[in-house]
Every structure is written in C-alpha cells, then in structure tokens.
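Hi,

Here is the model I promised to pass on. My notes follow below it.

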Amino acid sequence: MSNKLLEVKNLKKTFGGLKAVDIENLSFNKNELTSVIGPNGAGKTTFFDLVSRFQQQDIGEIYFKDKKITKSQPYKVSRLGLIRTFQLTKVFDRMTVLENLMFSGSSIKNDSFFQSIISTSSSKKYEKGLKDKAFEIMKDLNIEKMSESYARELSGGQKKLLELGRSLMKNPELLMLDEPLAGVNPKLAEDLLEKIKNLSDQGITILMVEHNIEAVMKISERVVVLAEGQVIAEGSPQDVRNNNKVIEAYLGTADE
Amino acid sequence: MKISSKWITTILLTFLSIALVFVLNPDGQLRILANLLTFAGIYALAAIGLNVHFGLTGLLNFGHASFMGVGAYVTLLLIPHAAGREGEINENGLPFLAALAIGIVAAALFGLLLGLPAMRLRGDYLAIVTIAAAEIFRLLIRDLESITGGVYGIINFSDALQKYRPVFFDEAVARLDLAPAQIWVGLLSWLTVFIVLLLLKRLSASPWGRALRAVREDEDAVRALGKNAVWLKLQSFMLGAGIAGIAGVFLAFNYGSVQTTIFVPLLTFYVWAIMILGGVGSLTGPIFGSIIFWAIISETDKIASLIFENADGQQLAGVRFMLVGLLIMMLMIFRPSGLLGKKEELLLNVK
Amino acid sequence: MIDQLGNGLLLGIIISVASVALSLLYSVTRIVNFAHGEIIALGAILTLFFSNPVDSRVIYLDRFSPLGMDFFISAALAVILCGVFGGLLELCLFRPLRKAEVGNIAILVVTIGLSIFIRHLYLIFATGRVQNFPLELERRVTYLFFDMTPRNFRVLIAGLVVMVLIGLFLTFTRIGKAMRAVRDSGELASISGINSDNIILFTWISSSMLAGLAGIFQAIINDVRYNMGFLILLLIFAGTVLGGIGTSFGAMVGGLLIGIFVQVSVAFPFMEGHTEAKNAVALAIMIVILLFRPQGIFGQKERIS
C-alpha cells in the first residue's frame, strides 16, 4: 500500500464554459497536514466536492486508500474514512448538540429500523457508549455546556466546533476541513488551530481549505495553491510564501 | 406530560367544536357524534402516516390517498367480496387479519415504488411524483374493471370484519340506539391509532428516528457522515404508506363499499389539513386536528347554505373545500406548528 | 395516428406555453407554483364571463350575468387581468413570505392550499358545469397532414408565435437577460445592479399572462371547467420534467412532446377502450424520466439535494 491516502489524476470540471477545476496530478500523503489555499473562485471547494463526491467531475480519476472512488456515492466514501466539513456549516438545527454527535457516531446497524423497535440490552449499551464518546469530544472542544441546546442556537464558532466534533465521532482517516476558521473569533480560532494540530499529531491526515494565511503557515506541513482551478504551486509553507506565481495570483492581474 | 398552554388551547378547541356540532344539531346527537368520531379516528390514522413522511422526515407526499387506496383495494380483494357491475361474487378469501397484513405490505411496497425515482432528487420532485402516481392509481382502478370493479366498485365485504363483534358489544351499542357496525369500525380505528402511536413514540426517540430527523435537517450532511440518506427516506416512506394503508381499509369498512370516487386528491388534502392543524411532527396532534377538523367541516354545509341561497350540492361542497384550502394556507403562513407542534421545530426556516 | 398528431400538436402547444410560464417562474423564484393551474383557468373563466351573451342562461352566483363583449377584447382583457392577479399574488402573498424567509417547502404547501381555495372559488362562481365560449361551430379543414378547424389552426399558429416571441424576448431584451441572470444566480444579479424584487414581480405578471393565454387556448379547443387547470397541471409538470427544469427551451420542447405523446398514445392498441387514461401515459413517462435522467432533455445535472 502506497503512502498516498488521496490521489487525483487528470481531474477536470467546468461550469458553463468556466474551468472550475483542472488538476493533472495531485496527491496527499498519510499523516500530513496539508492546506489548500488560493484566491476566491480558485476551485478549492469544488475540489473538495469532487473528492468527497458531492459533485461529478467531467473527466478524471480519484483514488482514496488506493481504491478508485471516481464514481462512488458520497456516503460510501465517507464510510471508507473520508470525512469532510462544509464551508457553510451544516449542523442539524432542530436537534440538540448531543443528538448531532450521537447520530454521527451511530453505526448503520444501530440506526436500523428493526433494531430500534426491539431495543436490546446490547443496543442500550451501544447508545451509552456513543453518549460517553460524545461527551468526551464535547469536553475536548469545550462545548459540553451546550449539550442539550438545539444546534440552531449555537454561535457561528460553536457550530464549526460541532461540525468538527461530528467528524471526530466517525474516527476519520482523512479529515477534510472546509474553512474551519471562517467567522470564528480570534481566541477561538487559536484554540481551534491548536486542536487541529493535535489531531494531526494523533495520526489523522488533514486537508484544510483556509483563507487565514497566518494560520495556514503556522501549522501546515505542506501547502497547495490553486488558482483558476489549477495547481500553481505546492510545497512547504516557506516555499510557497516566496513563490512569485502565488503572490501574483493573490494580488491579482487586471487582464482577465 | 406537563399541562402547557397549547394543550389547554387544544382541548378547549376540541370541546368547543364538538359543542358546535351539538348546538347545530338538536336531534340525534349521539349518532352524529359517533359518526364524527369514527371518521376522525380513521383520518387521524391517515394523518399519523403522513406525519411520518412530512413531520419526521420532511418528505412532501401529495398522493397519500393512493396509499390508503392500495391498502384498501388489496385487502378487500383478498377477502370475500362482490365486485363490478354484475356484482360478481367471490366467496373465497383469506381471514381479515391476513388480508390486512398483505394490504399493509402492498401499500408499503407502493411507497417503495414511488420513492425510488424521487428520493435521490429534491423534495419538489417527490411532490410531483406522488400527485402523478395518485392520478395513475385512480385511472388504473377505474379502468381495470374486471379486477377492481371499476366505477361500480367492490361491495359485500363488511362481514369479514364485522363477524368479530362480540355479543356484549352489540348489546351495549344497541342500548344507545347506535349502529354497531360503524361503532365497531370506529373502535378498531382508535385502537389502531393508539397502538401505532405507541410504536411511533418508541421509534422517534430511537436511533432510527434520530437518523430520519437528521435527514429532514440536512441530507448532504447526513451523506457526509456516511449514512445512506436515500434508503432512510425510503424506509420512512414505506412506514407512513403502510399506516395509511390501514386507514384506507378502515375507511372502506366504514363506507361498506369502495369505488373510484373515494381515494382521490381531495382525500389527500383533507389529511394534509388535519396534519398541519394538529401540528406537524406532533405525535398526538393528528388526533385533535382530526376531531376539530371533522366537527367544523361537517357543519360547513349548514353555514354555506345560510350564505348562498340557491347553491346546489356541488357548490356547497365547494365552500367546504375552499375552507380546507384556506385552512392549509393560513396555518402554513401564520401557525405552522398547528395546535401541538413544537415551536422549536417550526418549519418556517427550513429551506 | 396522423389525426392524433394534429390534436397532439394543439395540446402540445398549449402545454408548452403553460410550461414555459411555470418554468420561468420557477427559475426566477424557485417556487413550484401549484396554483399555476388556477391562473390558467382564470384566463378561460374571465373570458367566458366577459364574452358570454348577456341573456345567456348561465348565471354566476345568482347575481352577475355575463357582459356580452366581443370575444377578442374579452380574451385580451382576461389576459391582462391574469397578469394583474399574478402581480397581486406576488405583492400581497409571496413577497411578504419571501421577506419573512419562509422556507420553500412551506411556500409550496401554501401554493397547494391556494390552488384548492381558488379552484373551489371558481366552482362556486362558475358552477361545475362544462361551458363553452360563445363561438360558432366550425368544420374541420385539412392542413398539410391533419384535419382541424380553422380556429384551432389559428390557435396553433398563435401558440407558435408566442413561443418564438418568448425566446426572442429572453435572449435579446434587457429584462429578459436580467431574468436569466436572476435565474442563474440571484445574489450575483443584485450585485450587478439588477433589482431582483422588480424582476420577480415582472416574472409573476408575465408568467400569469402566459398562463391565462394558455387557458384561453385550451378553452377554445375544448371547454371551460372549474378544474381545467388542475387537470392540465400534471401534464405541464410532465412537460417541464421531460424538457428539463430550469430551461425555457426545454419547457417548450417538453410540453410539445408531451402533448403529442398523450394524443398519439390513443392510437395504440393497448389503449383500446381506455382513452381517458391517456394522461396516465404522460405521467408514466415523467416518472420514468425522473428515474433515469432527472435533468430532462436539456436541463443541467443538478446537485443531488
């Protein structure tokens, strides 16, 4: 088994004439913390969507854990261990924080219709286990106090934490975070960033889209820069920071 | 169960609407009440099924009458009955419970059939598919006359259920000067309502129920968390369809006959109005919604004939349906939580 | 079968016009308007009311007798009033709901309640009887391959002209382009200075006028019934799904095809004696399309949910 956890080849997606993603070859290694950056409209979220199968590519191949997932459905890819969050948080508004987490961690078997009618002692034990794990994660993310609140009542930053918590309930191998720090106050952002670094140290491969360049530079082991759907630079944070093409992409050129 | 203001309002309104019926009908009040409560029980059951679709899972089903119809027709065709213009008699049949079980499964399978094309797509598509399917169902029933009796329908099947009436029941009912056959259907309907509610109470608090609520909130997030949203929706759809099937059977036994004019869109709209009135997502909402709705609707004809002097029967019915439409609209706009729905679970901001 | 082709084209053109109206409204407002059928019926019923002779035996609510006006004027007036109605719906109902951020699902249910309400209002007003416009009976004439009355032929031509005009309008006029911009992305449109409220109002008015026109066409070819909108609504959905939701061209083509399928299906042997079920054919087609190619012929593949 190769060290590449995620790999895309010749991935292209256009929207009505506009090239959203055009990547010849890109891969991500196990245990690395990689940030994907680039100006607005560079195709970062589209790339996430394609890899997590929420959008269909025009052509190209995608591999996760050496398995071809090019035509897989989102939920199947998630079950393989690829967990993603969304730019605009998708918490379950009319469910409590605890329910959000327990749902996430609950197995298919536990969720089944028949299992739910005949509640056995083992399923009760399973639910207890889920609850304990949920509280552990809530404590870790400092949202334990909100466990019985409806998710819609949470602040923007707390919702991001909840989405992260939900992802963690699934023991992800590859955690794809879409702008995890967006709209989060600076203190919380710092805590969150540290948390993400910890997760990486624990062995989770992390792929992060972020606009907060300082944060990116601080914790990333590797940075990939997208502009107009293409990879214009990749390497260590220092390499990328000094790369002319990157500077140009961000400052923008007037002639498009 | 704490006594909150919405419960007080609900119970008050229920008594008021029944009182309205009594006031407008000085004679035969017990019989009218019995009739009202029987229909209310049947429709409450149907609304409970719809609530599984819409309240629990957020599915837009506008063909509910066809699920009721499938349950009814399949069950009736399996018990002794007479069908068609000639009243062709089929003497052989299964015992009632066996036929009912098959009818429920048939309704659930019909739900699966309808759900398959639509569940992968957005909610609006399901609405359109269910309306279309209900129309196809209606046309099939009408045209497959050799099986379903077409416009002449099916009759002479009541015995399969009525023969289970205990003697003491008949005596008690006779003393009240009521029709035992109808009371029997009413009793069984309400019994089923309570059994189904117990089942659903357990299910909504269970992991399965939790999963459906998550689907209702955000399907994409559900998928991103490794769950098969489409299959979950299909399961919910089948359950609600099965419940509707039972309601359809009871409706048939209440009428004593079925034909093409029963399982039509208007039936679906009634059930929708009742569900919204009772409170979307509330388990017991359909019960009160149904009673209040029937009390008011049964009196609209009298009110309508006061307003319009020369109205014919069809136009009087028109008033009734106008009110149904208005009720649905007003509730959705001003009080989508209905009587007993949870305010926190208001539909207003679900996109 | 050739005969049915003629009928199919007629039905198709009507469904087309109504489909484009519905599709435009959906594209711009994201609302599936189940009351669309009632606006279609409104065109026919108003025209009937305006044009029926004053002394005819049709009585409306025991009080109003029809106005006996010239047919074309009646029709034109009816179309305009349909537009007004649509505008009022937007101003008094849907705009407040939109501003209150009421969800699309709730709005959809509201349109269903609205359609029930209006449809039975028509029942009370116009009675449940099948009525006809006060037009002379004509004999069928042969045009190219099929027979139809001269009037129906003119309806066919009129429908085609309307569709071409719509196409030109959307492609070349400023408002048309603005409508397409709001459709493709509401937020971007408001940034570039397009007032989406006004565009939406305009869409409601024009969609309703087209719907009313379609209703008048339908009534010319068939008759006026209180529930004629409801009857045709499913076919319109089928046409829109077939052609592709969100594309006006798709709606036009889809509507035409559905009309043809429905009428031509009558000629098939298995439909013997079941001709009223021809609508079911269209609906079955729609369901099959949703199973295998939900974006229709011309639509874009949308995100799953």
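Start with the interface between chains C and B. Chain C puts 37 residues into the contact and chain B puts in 44. Two residues count as in contact if their C-beta atoms, placed from the backbone, lie within 7 Å.

A word on conventions. This is a predicted model, in which local features need pLDDT of at least 70, side-chain atom pairs count only at pLDDT 80 or more, and totals for chains, interfaces and linings use all residues. Residues are numbered from 1 along each chain as its sequence is written, while chains are lettered from A and ligands numbered from 1 in the order in which they are written.

Back to the side of chain C that touches chain B. Helices H4 (104–126), H9 (228–243) and H11 (278–292) of chain C each supply at least two of its residues. H4(C) gives the largest share, 15 residues. Helices here are DSSP runs (H or I, at least four residues), numbered from the N terminus. By type, this side of chain C has 27 nonpolar, eight polar and two charged residues. Nonpolar means Ala, Val, Leu, Ile, Met, Phe, Trp, Tyr, Cys and Pro; charged means Asp, Glu, Lys and Arg; the others, Gly among them, are polar.

One residue of chain B to look at is Ile136(B). It sits in helix H5 (residues 123–143) of chain B. Leaving aside neighbours within four places in sequence, Ile136(B) contacts Ala280(C), Leu283(C) and Ala284(C). Ile136(B) is buried because 21 other C-beta atoms lie within 10 Å; the cut-off for buried is 20 or more, with C-beta atoms placed from the backbone.

Best wishes

Key: A residue is buried if 20 or more other C-beta atoms lie within 10 Å of its own, exposed if 12 or fewer, and partly exposed in between; C-beta atoms are placed from the backbone.
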